[in-house]
Amino acid sequence: MKKFKFTFIIFMLAILFTACNPNDTANTNATIIRVSHGQPLGHPDNEGLLAFKDYIEKNTNGRYEVLIYPNALLGASKNALELCQTGALEFVICSASNMETFNDIYAIFSMPYLFDSEKVYHETMKNKEMMKPIYDSTLNSGLKVVGWLDAGTRNFYTQKPIRTVEDLKGLKIRVQPSPTNVAMMDAFGAAAVPMSFSEVYTAIQNRTIDGAENNEMALTTVKHGEVVKYYNYNKHQMVPDLLVANVSFLENLSPEDKKIFDEAIALCEKVEQEEWGKQTQEAIDTVKEKMNVEFIESDVLSFKEKVLPLHEKIVSQNKKIEPIYRAIQSINEKYREVKK
Ligand code: GCU
């Protein structure tokens with residue numbers, strides 16, 4: 001059955017790849033690099049990838065052609081990652097939450113209230129040494145993370161206002177498919193409904209779920225703001241998106257090409273992260289002007305109290321996480337000291 005499923009996927013892919021080149025260029029002699037992600041055109045992830053594509057194609061004089069597949073055209077993150085493992089895709093952008101099924105060290109990113117602020121989050125993510133054991137943890141599965149992309153702060157959005165954690169009680173809330181996200185939602189007192197990103201709009205619309213949680217941009221780019229009434233700032237997570245690569249592809253690059261790809265990855269990160277701040281503000285403005293969604297400042301402390309005990313539980317059950325968790329706490333401390 002598994003073999004059949006795999007053959008079927010490869011067959012469908014072959015059709016997709018030949019039938020739809022999502023980018024207009026076509027250099028028949030070029031080596032094709034395929035990148036999949038789940039966001040629409042114009043989203044910061046896609047903008048970062050356009051810079052990546054441009055840099056590689058120019059600097060290799062067209063020896064490589066990068067094809068970007070947006071909108072989960074080649075499947076939700078989980079499926080795209082499986083294709084990247086087989087080498088059918090060279091790169092995938094997905095949320096760090098999706099990597100938890102490949103190595104549970106990734107549970108770190110789904111720990112609620114891990115980072116005190118965006119400053120701590122950014123400083124942590126920019127620390128390559130700290131990220132190395134995480135990024136290399138899936139080498140045996142054929143995947144390596146090569147870069148990170150900002151995905152903002154996650155908050156609940158719902159049909160009714162969520163002013164304190166008590167308002168979440170019994171609500172069915174979509175989470176990204178990962179054990180830590182389910183544990184977090186249990187601790188909040190809501191019922192976790194794991195599902196892929198592209199299913200969320202319809203699930204809210206037909207009331208299969210009472211809401212979801214994500215950054216502000218989800219309200220506009222994938223239009224979740226059309227089907228909810230409240231966006232509640234409870235700020236429970238900052239989960240980065242990651243650029244994931246197929247390991248054998250990376251290993252087979254010549255040192256010169258490896259350098260060009262590394263530079264293209266750094267550029268992708270830079271462009272995406274700059275776009276992030278700009279587009280988040282634009283999304284908030286659009287929601288205020290054009291959508292029927294009210295922004296609410298929730299009582300963050302009430303949320304924190306419910307889930308902070310999860311930290312020690314996760315760290316004690318997962319020893320790999322401990323040094324990274326402690327290092328992040330000391331960055332938190334550093335800024336708390338400055339504030340005093
Ligand atoms: C964010 C993130 C995506 C992820 C999505 C989700 O938008 O950038 O990579 O897929 O959340 O909740 O699934």
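## Buried residues

Buried means under 20% relative accessible area, exposed means over 50%, and partly exposed lies in between, with a 1.4 Å probe and protein chains only. Glu269 is buried, at a relative accessible area of 16%. Tyr135 also counts as buried, with 11% relative accessibility.

This is a predicted model, in which local features need pLDDT of at least 70 and side-chain atom pairs count only at pLDDT 80 or more, while totals for chains, interfaces and linings use all residues. Residues are numbered from 1 along each chain as its sequence is written, and side-chain values use heavy atoms, with hydrogens and water left out.

## Around Glu269

Glu269 sits in helix α11, residues 255-290. Helices here are DSSP runs (H or I, at least four residues), numbered from the N terminus. Contact means heavy atoms within 4.5 Å. Leaving aside residues up to four places away in sequence, Glu269 touches Val146, Gly147, Trp148 and Leu149. Leu243 is 26 residues from Glu269 in sequence and 9.0 Å from Glu269 in space, C-alpha to C-alpha.

## Around Tyr135

Tyr135 belongs to helix α6, residues 128-135. Not counting residues up to four places away in sequence, Tyr135 touches Tyr106, Met125, Lys144, Val145, Gly147, Trp148 and Leu242. Tyr106 and Tyr135 are 29 residues apart in sequence. Their C-alpha atoms are 9.1 Å apart in space.

## Helix α3

Helix α3 spans residues 77-86, and its buried residues are Ala80, Leu81, Leu83 and Cys84. Seen down the axis of α3, they fall within an arc of 160 degrees, so they line one face of the helix. The arc is that of the directions from the helix axis to the C-beta atoms. Just after α3 comes Gly87, with a positive phi of about 95 degrees.

## Where α7 meets α12

Helix α7 covers residues 179-188 and helix α12 covers residues 300-317. Their axes come within 9 Å and cross at roughly 140 degrees. That makes α7 oblique to α12. Angles under 35 degrees count as roughly parallel, over 145 as roughly antiparallel, 65 to 115 as roughly perpendicular and the rest as oblique. Axes are lines fitted to C-alpha atoms, for helices over the stretch in contact, and angles run from 0 to 180 degrees between N-to-C directions.

From α7, Thr180, Ala183, Met184, Ala187 and Phe188 meet Phe303, Lys306, Val307, Leu310 and Ile314 in α12. By class, this contact has eight nonpolar, one polar and one charged residues. Ala, Val, Leu, Ile, Met, Phe, Trp, Tyr, Cys and Pro count as nonpolar, Asp, Glu, Lys and Arg as charged, and the others, Gly among them, as polar.

Technical notes
Helix = DSSP H or I, 4+ residues; strand = E, 2+ residues; numbered from the N terminus.
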